Amino acid sequence: MNRIGRNDPCPCGSGLKYKKCCLAKKTSEEIGDVKNLYYQRHKIQLKDNGAIEGIRAAGLLALSTLDVAEAIIKPGITTDEINTMVHDFTVSHGAVPAPLNYRGFPKSVCVSINEVICHGIPGKRVLADGDIVNVDVTPILNGFYADVSKTFFVGSPGDDAKKIVSVAKECLRLGISMVRPGNTVGDIGWIIQKYAEGQGCSVVREFVGHGVGLGFHEPPQIPHYGRKGNGIRLVPGMVFTIEPMINLGDSTLRILEDNWTAVTADGSLSAQFEQTILVTEDGCESLTPFDL
């Protein structure tokens, strides 16, 4: 017999595509087993439709928060002003900023400038013309989490700033392009590492993407480096972040005395873009979509 394709007419004669008819029925019978298997083996909680809708709603709020942050970013404002805006906007929309008091983190958002890779604590630092600044937001809305970040230009960027932001953004786009059932976590990291290093940049290894949705950080970890075909196989219902942190120079980092702020050891620029991604039956969907 010829193999039936997902988009072929269902052999039962219903007139529907196979994927919408008997394949879907078969999948629904098996999904409980897959859900249990992934939790038992990997502690991964596959998300049902209700959870996905909750995460999607949190994702839309997260995107709106980033839009408001972008509107105030300019030379002369402090990172604490960004924090105040994010906090007030999040709370006014019935949500809670997940970073606040998470493992002792003292602010409602991470704001990372230039050589700061991630976890920058908002404070008195003033944005200057030519800076790049990453704003990383995670609201908790009705118990659901969504995680998203962008790196913005402050004023007029120089050539180095343009390059690292462009490379980091493309790394995220390529990583997302590898998300589909049957691919692996390693496929995501492989394509990101290949592209970044091909551009003369480096990939931060100490910080990775992660499952998200019912909690701030869930299994699995999503490294932004690796080997094609390695790691956990992707299945529908997985929700995780892809958030490559790309350095213009060496990948080595150091943590400042606040025990949070990670900076490039060589002082080079670092940029990051992040989205929350759902593995679907046919590929993937960003629950925090923005143009790449």
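Predicted model: local features only at pLDDT ≥ 70, side-chain atom pairs only at ≥ 80, totals over all residues.
The unreviewed UniProt entry gives the feature "binding site" at Asp147, His210, Glu243 and Glu274. These positions are spread over 128 residues of sequence, yet they cluster in space, with a largest C-alpha distance of 10.9 Å.

Two of these residues can be followed in detail. Aspartate 147 sits in the loop between strand E6 (144-145) and E7. With a relative accessible area of 3%, aspartate 147 is buried, because buried means under 20% relative accessible area. Leaving out residues up to four places away in sequence, aspartate 147 touches a list of residues that includes His210, Glu243 and Glu274, which the UniProt entry also places under "binding site". Other residues touched by aspartate 147 include Asp136, Val137, Phe216 and Thr288. The side chain of aspartate 147 also makes a polar contact with the side chain of threonine 138, at 2.7 Å.

Glutamate 243 belongs to the loop between strand E11 (239-242) and strand E12 (245-247). Its relative accessible area is 5%, so glutamate 243 is buried. Among the residues that glutamate 243 touches, not counting those up to four places away in sequence, are Asp147, His210 and Glu274. His224, Gln272 and Phe273 are also among the residues in touch with glutamate 243. A polar contact of 2.7 Å links the side chain of glutamate 243 to the side chain of threonine 241.

Strand E7 (residues 148-153) is mostly covered, with five of its six residues buried. Strand E4 (residues 132-137) runs antiparallel to E7, and six bridges join the two. Within this pairing, aspartate 136 stands opposite serine 149 in E7. Aspartate 136 is also one of the residues touched by aspartate 147.

Asparagine 83 counts as buried, at 8% relative accessibility. The side chain of asparagine 83 reaches the backbone nitrogen of serine 108 at 2.8 Å. Apart from its neighbours within four places in sequence, asparagine 83 is in contact with Lys107, Ser108, Val109 and Pro122.

Phenylalanine 89 is also placed in helix H3. At 18% relative accessibility, phenylalanine 89 counts as buried. When residues up to four places away in sequence are set aside, phenylalanine 89 touches Leu61, Ser64, Thr65 and Val68. Tryptophan 190 is 101 residues from phenylalanine 89 in sequence, and their C-alpha atoms are 37 Å apart in space.

Charged pairs complete the picture. Side chains of opposite charge can pair when their charged atoms come close. The structure holds six salt bridges. In one of them, the side chains of lysine 47 and glutamate 218 meet at 3.0 Å, N to O. Lysine 47 lies in the loop between helix H1 (22-42) and helix H2 (49-72), while glutamate 218 lies in strand E10 (residues 218-222), so the pair ties together parts that are 171 residues apart in sequence. Lysine 47 is buried, with a relative accessible area of 8%, and glutamate 218 counts as buried at 9% relative accessibility.

Aspartate 80 pairs with lysine 107, and their closest N and O atoms are 2.9 Å apart. Because aspartate 80 lies in helix H3 and lysine 107 in the loop between strand E1 (96-97) and strand E2 (110-113), this pair ties together parts that are 27 residues apart in sequence. Aspartate 80 is partly exposed, with a relative accessible area of 26%, and lysine 107 counts as partly exposed at 21% relative accessibility. Lysine 107 is also one of the residues in contact with asparagine 83.

A further salt bridge joins the side chains of arginine 173 and glutamate 170, at 2.7 Å, N to O. These two residues are three residues apart in helix H4 (residues 159-177), so about one helical turn separates them. Arginine 173 counts as partly exposed at 35% relative accessibility, and glutamate 170 is partly exposed with a relative accessible area of 22%.

Conventions: Residues numbered from 1 in each chain as written. Heavy atoms only, no water. Buried < 20%, exposed > 50% of the residue type's maximum accessible area, 1.4 Å probe, protein only. Helix = DSSP H or I, 4+ residues; strand = E, 2+ residues; numbered from the N terminus. Pairing = 2+ DSSP bridges. Polar contact = N/O pair within 3.5 Å; in protein donor to acceptor, adjacent residues only side chain to side chain. Contact = heavy atoms within 4.5 Å. Salt bridge = Lys/Arg side-chain N within 4 Å of Asp/Glu carboxyl O. UniProt positions renumbered as here; feature names shortened; annotations may be inferred.
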